[in-house]
Amino acid sequence: MKHSRSYATVMRHWYRPIEHECPECHRTLRQAMTLIRRTVITLQGVIKLIHAGYRCPDQQCAGYQRTYRSSVADALALPGFTYGLDIVLLVGRLHLGQHQTVDEIHQTLLERLAPLGVTISRREILYLFEAYCTLLRASSEAKDDRQWLAQVEKNGGIIVSVDGIQPDKGNETIYLVRDALTGRMLTAEQVTSSETAIMKVLLAPVVALGVPVLGTITDAQESEVQAVEQLWPEVPHQVCQFHALREASRPGFDADRKIKTAMRKHLQPKVREMRKQLK
């Protein structure tokens, strides 16, 4: 009998789309279903995620059957994978960028995951590298995916989500472009520069698809914003709320950390003195 895995520390996260209202009728979107409920292992920790899908509540609206997803949840891991996308990118970088063997990559990941109480098999490394190669081929396959194109037609178009991920503290960055409505990977590219011209080249395969673009989502990075505005000037754009909220909370986090440090400096001498008295 196969038992489910258990982990010492699990972070529970609930994800919803960044869209709050229907672009057709401007009614507030409501939760319609749970798209994904699973565990994802990342380099930062083990995440138990619940990914909720939202729809327009007005049955007479043209976008009633359109399901809105969280681009952040989709960016955590590829469909069917337990190990996160950051681990997939690390495997690709170690193998192609640093020319490490499978055994060397396996040892590196074991060391990186050990503090989380997580292990990984050697065979899994091969699966993850295959997934990495598939990401780089994604742009040439999207236009041939008839099932996805049929869903795009049903949705009335796509919402382009651009997300840059630093593989492992290196200079190169993997940019992933998805359809936020279906979660479909449209293109993936490893680049050494994030200039506006490079971003436009990255998005060229999406433009070549010739499908309607309903909206765009990017980080607050200026080059990304300029690229989507130049390619789709009439299309609504929104900064990813996850990144915006993370940056907004950073000053509070830093201030809280300073307070904790000051408290420790103030209390530790007294605690040490008390321990000596107790001994």
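Which backbone nitrogen does the side chain of Thr 42 reach at 3.3 Å? I looked, and it belongs to Gln 44.

**Ground rules.** I'm working on a predicted model, where local features need pLDDT of at least 70, side-chain atom pairs count only at pLDDT 80 or more, and totals for chains, interfaces and linings use all residues. Residues are numbered from 1 along each chain as its sequence is written, and side-chain values use heavy atoms, with hydrogens and water left out.

**Thr 42.** I found Thr 42 in the loop between β2 and β3 (46–55); strands are DSSP runs of E, at least two residues, and helices are runs of H or I, at least four, numbered from the N terminus. The side chain of Thr 42 also reaches the backbone oxygen of Gly 45, at 2.8 Å. Thr 42 has a relative accessible area of 5%, so it is buried (under 20%, with a 1.4 Å probe and protein chains only). Leaving aside neighbours within four places in sequence, I listed its contacts (heavy atoms within 4.5 Å): Ile 47, Gly 84, Asp 86, Ile 87, Leu 113 and Leu 116.

Not counting residues up to four places away in sequence, Val 118 touches Tyr 7, Ile 41, Val 46, Tyr 83 and Leu 113.

Technical notes: Buried < 20%, exposed > 50% of the residue type's maximum accessible area, 1.4 Å probe, protein only. Polar contact = N/O pair within 3.5 Å; in protein donor to acceptor, adjacent residues only side chain to side chain.
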